[in-house]
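Q: I would like to go through this structure with you, one part at a time. Shall we begin with the strands?

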Amino acid sequence: MKKPLKHISIVGFVMFALLFSSTSWVQFVTADSLNNNALNNRKVLDQLARDRGPILVDGKKIAYSEPVDDKYKFQRKYGSEGLDPRAYASMTGYYSIVSGASGMERASGEYLSGDSDALFYDKVGSLVTGEQPRGAAVELSIDPKVQKAAWDGLGNQNGAAVALDPKTGKILAMASTPGWDPNPIASHDSSTAQSAFETLNNAEDKPAYNRAIGGNLYPPGSTFKVLVAAAALESGDYKPDSTLNGPAELDLPQTTSTIGNSHPGACRNGGSPTLADSLAESCNTSFASLGMDLGEDAIKEQAEKFGFGQEMEIPLNVSASTFPEDLNPPQLAQSSLGQYEVRSTPMQMAMMTAGIANGGKMMKPQLVDRVLNANTLEPIKEMRPAQMSRPVSGKTADQLTTMMEGVVEDGTASVAKMDGTKVAAKTGTAQHGPGAAPHAWFISFAPADDPKIAVAVVVENGGNAGNEAYGATVAGPIAKDMMEAVVEK
Amino acid sequence: MSANPNQGARPRPYRLAELGLLILAIAVSTSAYALVGLGTEDTIPANVYQYAAWLAALGLIIHIVVWWKAKYADPVLVPIAVLLNGLGLAMIYRVDLGRDEYQNSGVTQLIWMTLGVALAVGIIIFLGDHRWLRRYTFLSGFAALIFLMLPLIPGLGKTVNGARIWIGVGPMSFQPGEIAKILLAIFFAGYLVSYRDQLVLAGPKILGIRFPRLRDFGPIIIAWVASVGILVFERDLGTSLLFFGLFVAMLYVATSKVSWIILGLGFFAVGAVAATFLFSHVGQRVDGWLNALTAEEYNKTPGGSYQLVQGLFGMSNGGLTGTGLGEGRPNMVPYAESDFIYASLGEELGMAGLFVILLCYLFIFQRGIKTAQQLRDGFGTLLATGLSFTIALQVFVVVGGVTRLIPLTGLTTPFLAQGGSSLIANWMIIALLLRISDNARRPVEEFHTGVLKITEDPDDATASARATGNRNDTKRVEGAREHAAGNLATDRATSDDAPTTNLGAADLEANRSDEGPTTNLGTTGGER
């Protein structure tokens, strides 16, 4: 029996060799890929148990972790005195045991959790001091006064408002309504968290969409005329005082339909308005014919210079605004008025406004101002302004600014007039379906001669004004409040 | 038959080595227990001293009993069993702490361990010689079948996770298959040692392979049918595989017939493949194994790969050195304290810890095989082989399943997993291995284990009267018959239809060395 015993012994050793191999395979060879597997929920749970860094607005905590006595060790909380968590939810997002992270909680997750390589020296430091490693604090560029003006102004209406510092690209406000409260989703009670998560995602008016940078996007309406005017000036064939064709009704080629003005009758100068006049009174017929004269390519090119067609990270993802392709003349005419299939985020319109305000230099919008050591509040990383593009020349920018001032002084945007401060603006009232109340738009910047803030506001379906809504009446006051929060009266 | 090979270099008992290793095992187990407390609740458990004392008492009791009754037993078996059992206890306690509701399962398991050690001590004390078990060959086989069928009795048997391998009496659950595997090992050893010659030499030859006569082969067919029966009626691929593997290994050692092994494995493979298609639960296991990391399998209920994949995530999270006891998330894996305790240990002790555990099992296996090689009797050789191979195979099936080497089946990890039946059965196996290894290493002149008792004849007068008859000795060898058969089988592969009428040479040798060559009993089948 000696020989078969030896064989049995070998069989046993082979079995154990296989087990040593399979164990190494799982724990060493493929460990990284298993750890990063999409099905693996341990990473989120591991991070949940860490002292996550806060998200700050003007030095105050809008999202922070508090030690609690349960298995997750830290409870994530949102909002603090003067900072309504619902007004900031579209930026902070949530950090949840059941649904992971969203918003800045996800986009800045590496800093907040302390995983980022940028925190390497901090981590080494905490090894030396024996201190529990902490995530870093992320300070947003948001100005709480502007944010409050946007949030209060939108109120119970659905819509969005974005404010940028034209010179740096700092995002001063970014509101999306309806707002929502991240606190219940961050609950450690999984059924509470789950039902709050489902409520957020299944609600009819889609609060989970960050309307400022994503969601379904909006037709920009007449605010887009600024972009068409920019294309006209950049072409070299037009000046602000060039005369355009602005009849009461414009026949569209190849069809029987016509384009009319929002106010009855022909445009200024008996149907022959200047470019500046056309912008001031938002003449549809003159911009429709201007657009058809410029052609699809010129407008599309100008739109792309302003950022259309381009996704961005601020570090939240900004959806690409779109200008349609292969247009026939009627479609091009409609598109020139910011209708048809032109779709834009409020962020895109704010960027365009800021680019004009900044003399034609469009800065990259950024939401993170600084990353700080959560213990010492020493900066680890500071935001550096970055130029994104040069959509128009300085001369064109100046001309556009003057024209937009004209819109406030002697046009549709008179609601934005401020004592002692020059304001440049453009209104928009975007149709988006038969019978549906229009989206009310307002873009503006102030002071026009030394811009500190550029704003884009949209109120969905006319807001509380419904079918009676105009950009000036519904969105205008919100934009004005936001500008006033920055500009000294 | 001249001098026993062990007589030249007199074997040392190594009892102090066992004590040293045992103290180490108890220290490691207690530290693990304390670390669990530190890791989960930042304090050393208040009862750590009682815990240590309890473990130490169990360890020392079995150590002393072994010293007293089985002085030459293998010195690493007890420390390894205590270490594995202790690590299992710590992890069971740790998983319990991770639950929402504390179930005190660590204490329950410690009670089972106490019971297991008590049984082991009983076996070492009362089973003076493993060859006694050979008397109960067929009784063991019969009992094993009864045990195996118990779960099928309506009202008694319980179905857990699709496998009907449990019986429940009131709040108590028991897996009779765990005990059955020991009984089967005894049965196979006794049966094969008696009939191996018929199996090998008699019977028709078909296609160059000599097959045994049907009547000799009967019990083997019963064994095969039992294995498949478990698969079909109790729906447990693991146990079925375990029994069949045990049988095939022992048959091979007894007969050296490779062809039958291939045939047997072929049969089993056919059965297993058929089962994959016939029974949904087996098919599910295979699908969950092949496509484990797909979202479809992961989210499938019931069946699916959720448990397996969570186990893999736990192990990968542990990496090389583990998260540390109490610092991981073993509770995310269903059955983290029983079926998946290997993954739980892998997460918190890392690959390093698992290698130590695998080495422990490898040691048990290797010492068991070594004992089998040293033994002088065929029954003991087969039994030691069967028992140690059972442990190795069981570890292979369960660890292979957890690490996705083979499809997952529901077997317990010996000594580690929560569960009384398994723990008791494994302590019994250790006790038997201790007994057998003592027998294997004990010098011949120290054989006082009771099988071979050399006694003075109480009546000199009758002795002298008898001396005029067939016998001329004044000594009587008692109880040698059982012993003899085994030895004969070991030493000579001769035909042996009536083993009880022969005496083995070793017994005579033993007799001689103690008292001088005074026997002349019966014939010894041409031994000399």
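Q: How do strands β1 and β6 of chain A run where bridges join them, parallel or antiparallel?
A: This is a predicted model, and in it β1(A), residues 55–57, runs parallel to β6(A), with three bridges joining the two. Within that pairing, Leu56(A) stands opposite Glu139(A).

Q: Which strand do four bridges join to β6(A)?
A: That strand is β14(A), residues 368–372, and here the two run antiparallel.

Q: Which way do the residues of β6(A) point, and are they buried or exposed?
A: Strand β6(A) covers residues 137–140. Ala137(A) and Glu139(A) point to one side, Val138(A) and Leu140(A) point to the other, and all of them are buried.

Q: What holds paired strands together in general?
A: Strands of a sheet pair through backbone hydrogen bonds, and the pairing may be parallel or antiparallel.

Q: Now the five-stranded sheet of chain A. What is its strand order?
A: The order is β8-β7-β19-β18-β17 in chain A; the sheet is open and its pairing is antiparallel. Its edge strands are β8(A), residues 171–177, and β17(A), residues 424–430, each of which pairs on one side only. On average, neighbouring strands in this sheet are turned by 5° against each other, with direction ignored.

Q: How many bridges join β17(A) to β18(A)?
A: Seven bridges join them, and the strands run antiparallel; β18(A) spans residues 439–446. One facing pair is Thr427(A) with Phe442(A) of β18(A).

Q: Which strands does helix α16 of chain A lie across?
A: Helix α16(A), residues 346–357, lies across β7(A) (159–164), β8(A), β18(A) and β19(A) (453–459). Relative to β18(A), the helix runs at about 30°.

Q: And helix α17 of chain A, what does that one lie across?
A: Helix α17(A), residues 394–410, lies across β17(A) and β18(A), at about 65° to β17(A).

Q: Back to α16(A): how many of its residues are buried?
A: Twelve of its twelve residues are buried, so the helix is largely enclosed by the rest of the structure. Among the buried residues are Pro346(A), Gln348(A), Thr353(A) and Gly355(A), and also Met347(A), Met349(A), Met351(A) and Met352(A).

Q: What span does α16(A) reach from its first C-alpha to its last?
A: The helix reaches 16 Å, close to the 16 Å expected at 1.5 Å a residue. Gly359(A) follows the helix and has a positive phi, near 70°.

Q: Stepping back, how many helices and strands are there in chain A?
A: Chain A has 18 helices and 19 strands. Of its 489 residues, 57% are buried. Among contacts in chain A with a separation of 6 or more, 69% are between residues 24 or more positions apart. The chain exposes about 20,100 Å², and carbon and sulfur atoms supply 48% of that area.

Q: Moving to chain B, what is the order of its three-stranded open sheet?
A: The order is β1-β2-β3 in chain B, with antiparallel pairing. The edges are β1(B) (157–160) and β3(B) (172–174); each has a single partner strand, so one side of each is left without a neighbour in the sheet. Neighbouring strands here are turned by 45° against each other on average, direction ignored.

Q: Which residues of β2(B) are the bridge partners of Gly157(B) and Lys158(B)?
A: Gly157(B) has Ile167(B) as its partner, and Lys158(B) has Trp166(B). Three bridges join β1(B) to β2(B), residues 163–169. Three bridges also join β2(B) to β3(B), where Val169(B) stands opposite Met172(B).

Q: Lastly, how many residues of the two chains are in contact?
A: The contact involves 54 residues of chain B and 34 residues of chain A. Together the chains bury about 3,900 Å², with 72% of it on carbon and sulfur atoms.

Q: Which residues of chain B lose the most area to chain A?
A: They are Phe313(B), Ser316(B) and Arg329(B), which together account for 17% of what that side buries.

Definitions and conventions: Residues are numbered from 1 along each chain as its sequence is written. Chains are lettered from A and ligands numbered from 1 in the order in which they are written. This is a predicted model: local features need pLDDT of at least 70, side-chain atom pairs count only at pLDDT 80 or more; totals for chains, interfaces and linings use all residues. Side-chain values use heavy atoms; hydrogens and water are left out. Two strands pair if DSSP finds at least two bridges between them. Axes are lines fitted to C-alpha atoms, for helices over the stretch in contact, and angles run from 0 to 180 degrees between N-to-C directions. Contact means heavy atoms within 4.5 Å. Buried means under 20% relative accessible area, exposed over 50%, partly exposed in between (1.4 Å probe, protein chains only). Accessible areas come from the Shrake-Rupley method with a 1.4 Å probe; for residues, only the protein chains shown count as cover. The expected span of a helix is 1.5 Å times one less than its number of residues. Buried area is the accessible area (1.4 Å probe) that two parts lose on being put together, summed over both.
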